[in-house]
Every structure is written in structure tokens, then in C-alpha cells.
Amino acid sequence: MNILVINCGSSSIKYQLIDVANNTVLIAGIVERIGKPNSQHKLQLRQNNGQMLKHTHTELTKNHRDAFEIVQKVLFNNSKNLEITGIGHRVVHGGERFQQPTVIDAKVLDVIDDLSILAPLHNPMNLIGIEVCLKLFPKLPQVAIFDTAFHQSMPDYAYRYAVPENWYSDYQVRRYGFHGTSHAYVAKQAANYLNIPLNNLNLISLHLGNGASVTAIQNGESIDTSMGMTPLEGLIMGTRCGDLDPAIPFYIADVSTANNEDIISQLNRQSGLKGLCGDNDMREVLRMAEEGNHRAKLALESYCYRIKKYIGAYFAILGNIDAMIFTAGIGENSATIRAKICHQLTNLSIELDMEKNLNISDKISEIQQSSAQCKILVIKTNEELEIAQQTKVCIQNLNRNKLNQ
Ligand code: ADP
């Protein structure tokens, strides 16, 4: 069973064809800089010997439809013997309406469109991808997988903000949380690895990439997460501020020439690590700090301090945890950041083994001291695989329901 996974953004389309029987990527590609004169297509094709062969082509793409036609051609030329069973689309915001992977029909498209008010940068792009694919692949079932869905299990006292009631009832203001596909994937991986049923597992999952969020997982379900109504809340990120006194944007509007649009853009694109030290790439921040740059040192201290505060808070609400998970670019690759975060958390049974922290394997590594109660795991996230697996289950249920009718 082969599933095509699509992640459609404003200027790029990422896609993978995944054999979900044995979790193998058969084809992976990205069409970048769509609509620009220098748009290009990077492609990897699995060979008979198991190796991935890489190609890069310059392609003229006026719009997303052109880009998807390139993807369609690649699939046609390279997967003649491979049946494609269905398509899984990443959709950023599912609001309160979507708690599960959902087979796409006209009604679902309308609701995703309505939810664009909550994710104006993302949902419209995801929708373009779905609409083009429905035209290009009309016979295939297509499924929407929402970044917010995993967090729909949060209790109301965790997702409500203490604001006037009608902000929630009329305008849908509440915590939704994001990175759900990644948190769900690493939680399942941890359950497999620890050989404990997921519904018996308490976890703190740290997704530390360019965007970053932490989730408290109780008995396999998200009960709180650091991102909010939008991905701006919570941890310090590459360019996003994370938690902030809500009066600050109004104050900046009063004392500077910035308007609403400027302020939200600065909070999303010029803040976080970049705001604190001028660079959003953690490798660069670490290098600058190593050279003694004070702003970079401050950025690192603030970054890890914010994470520690969330770990403490999530310990308090979970009671006990089986494992803390590090994932995504920084979580998977930076021993320095992991060590800084775990420093002096022995009261919470978090005791890092410095040696193990430096020797990380390709998939899952256990890096706590052997006597420690709480496991510390480094798990490589794989959102595409999780989308493919969820799409598979959704299509199997669809087919079963059709048979029973
Ligand atoms: P995205 O959210 O864009 O998917 P990633 O999960 O790829 O982001 O994470 C990107 C971040 O990971 C960047 O800040 C990058 O500097 C950081 N990163 C990648 N490799 C390393 C490394 N070896 N050490 C420290 N940071 C790293």
C-alpha cells in the first residue's frame, strides 16, 4: 500500500511516496520557489539496490498547479508498477471541528477554508494543494491530517484563555496547539521502544526545531501544549517570541511607528533567537556563544530557561512521567542544548548521562543515567511517515464502512 504525502506551503510543495507496509520512502521531492524564475525541483528516487538517487532540475513553475503537474509526471514515470492507494495532506489548522484524520469532500474543504481565519498563512496554501490534487488525481481518496488534531484531547481548563466569554464563543479564541503530528509520532515511537502501551504512558515531548513546542502527554493523550491559538505562544523559537505580556504589542503601537501588521510580523519573523542575538540558526548561535558573544550567550540562556519552566509546569500537572523526549532539528542534534536543559533537574528525576548524550543513534537513543527513574529519549521525528500511517488507517476505515453498507 503506497500513500502520497503532500505538504503544500506558500512557495513550495514537499511530497513523499511511502510504502506503508514497511515504512519505506520510495520517492521524495520538493518543488521550491514556485512562481519565481529560479524555481527548482529536488528529487530522490529509491533504486532497486535500496539506495536513493538524487536529482535536481530547474523547472519553470508559474503556480502551484504547474508544480503539482511536475509531481504527477514524476509519479507517472517512476511508479508505473506501484499502485497509489491514497493521498494524505498536511493541514495546519483544524480548529475544534477536526479531531481525527478526515476524508476530504466538498464540505470538509469549506470548513478548512472557514478555518483560514485562524491560520491565514497556512490553511489557504494547504487548500490550494488539496484542490489541485483533487483535479489531478480524481480517483484517489484524499485525507486531511491536521497539526492541531492531537491536542484536541486537552481539557477545557487547559485550552481556555481567561478572556471575555464571547472571544471564545464568537471568535474561537482558545489554545489549539500545533506540531501534533510530530508529538503523536514520537509518543508512539516511545511506547514501542519502552514496550509500554501508549495509553499507559506519561511523557513530556520537546519538539525543538525552527518552530518549537512542548507537550504534556498523559496516558498517550495531549493534556497541554505550549503553542496557543497560533504557533506564536510558548517557547522561544528561531524567529518567534513565544510567551509575552499581551500588553506589549499595544505599547509598541503607541510608542513607535509600527502598525499591527508590522508588529505581528516582527513577533513572528524578527524575534526569538534572532531577536535576542541576530541569528535564528541554532548552530550559528552556539558558535557565536562559544566565541564569547554576549548576545548569543543570553539567547541560549533564555532559550533553555524557558524550556525548563515548561518542564517544571508539566511535571506538576502530570504527577509523574515515564520519559522526556527530545526531537526535531535542535532536539535531535544538539548535545549542548540537551545538556543545558537537563542541568539541575535531578529533583524531577531527570538525570542526563553526559557520555550517552554525545553518542546518539540514527533512530532512538536513551540518554539518562542508568539509575535514573525517568527515561530521556532522543527520537528522530518523521511527520511524513505519521501522515502516511494515519492516511492508511483512515482509508482502511473508509473501505470497511463501504463494504458494510
Ligand atoms: P523546521 O522547523 O524548519 O523543520 P528543523 O527541525 O529542521 O526545523 O530544525 C532546524 C533547527 O535545528 C535550526 O535551528 C538548526 O540550526 C538546528 N540544528 C540542526 N542541526 C543542528 C546541530 N547539529 N546542532 C545544533 N542545532 C542544529
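Gly29 stands opposite Leu43 in β4, and that pairing is a handy way into this predicted model. The protein's secondary structure comes to 15 helices and 14 strands; these are DSSP runs numbered from the N terminus, with helices being H or I of at least four residues and strands E of at least two. The C-alpha trace spans about 55 × 55 × 50 Å along its principal axes. With 405 residues, a compact globule would have a radius of gyration near 22 Å, and the protein agrees at 22 Å (taken over C-alpha atoms; the globule rule is 2.2 Å times the number of residues to the power 0.38).

**How to read the values**

- Residues are numbered from 1 along each chain as its sequence is written, and side-chain values use heavy atoms, leaving out hydrogens and water.
- Because the model is predicted, local features need pLDDT of at least 70 and side-chain atom pairs count only at pLDDT 80 or more, while totals for chains, interfaces and linings use all residues.

**The sheet of 8 strands**

- This open sheet has mixed pairing and runs in the order β5-β4-β3-β2-β1-β6-β8-β7; two strands pair if DSSP finds at least two bridges between them.
- At its edges are β5 (52–58) and β7 (102–103), each pairing on one side only.
- Strands β2 (residues 13–19) and β3 (residues 24–32) run antiparallel and are joined by 7 bridges, with Ile13 having Val31 in β3 as its bridge partner.
- Next along, β3 pairs with β4 (residues 40–46) in the antiparallel sense over 6 bridges.
- Strand β4 also runs antiparallel to β5, through 7 bridges, and here Leu45 stands opposite Leu53.
- The hairpin of β4 and β5 has 5 residues between the strands, and Gly50 in this hairpin takes a positive phi near 95°.

**The sheet of 6 strands**

- The order in this open sheet is β11-β10-β9-β12-β14-β13, again with mixed pairing.
- Strands β11 (221–225) and β13 (364–366) each have a single partner strand, so one side of each is left without a neighbour in the sheet.
- From one strand to the next, the twist averages 25°; angles run from 0 to 180 degrees between N-to-C directions, and axes are lines fitted to C-alpha atoms, for helices over the stretch in contact.
- Strands β12 (residues 323–327) and β14 (residues 375–379) are parallel and share 4 bridges, and Ala323 has Lys375 in β14 as its bridge partner.
- Helix α13 (residues 335–342) lies across β9 (203–208), β12 and β14, at about 150° to β12.

**Two helix pairs**

- Helices α2 (residues 106–114) and α3 (residues 123–136) have axes that come within 9 Å and cross at roughly 160°.
- They are therefore roughly antiparallel (angles under 35 degrees count as roughly parallel, over 145 as roughly antiparallel, 65 to 115 as roughly perpendicular and the rest as oblique).
- On the α2 side, Leu109, Ile112 and Asp113 meet Asn123, Leu127, Ile130, Glu131 and Leu134 in α3, where contact means heavy atoms within 4.5 Å.
- That contact has 5 nonpolar, 1 polar and 2 charged residues (Ala, Val, Leu, Ile, Met, Phe, Trp, Tyr, Cys and Pro count as nonpolar, Asp, Glu, Lys and Arg as charged, and the others, Gly among them, as polar).
- Helices α6 (residues 180–194) and α15 (residues 383–404) also have axes that come within 9 Å, crossing at roughly 85°, and are therefore roughly perpendicular.
- Their contact divides into 4 nonpolar, 3 polar and 3 charged residues, with Tyr185 and Lys188 among those from α6 and Leu385 and Glu386 among those from α15.
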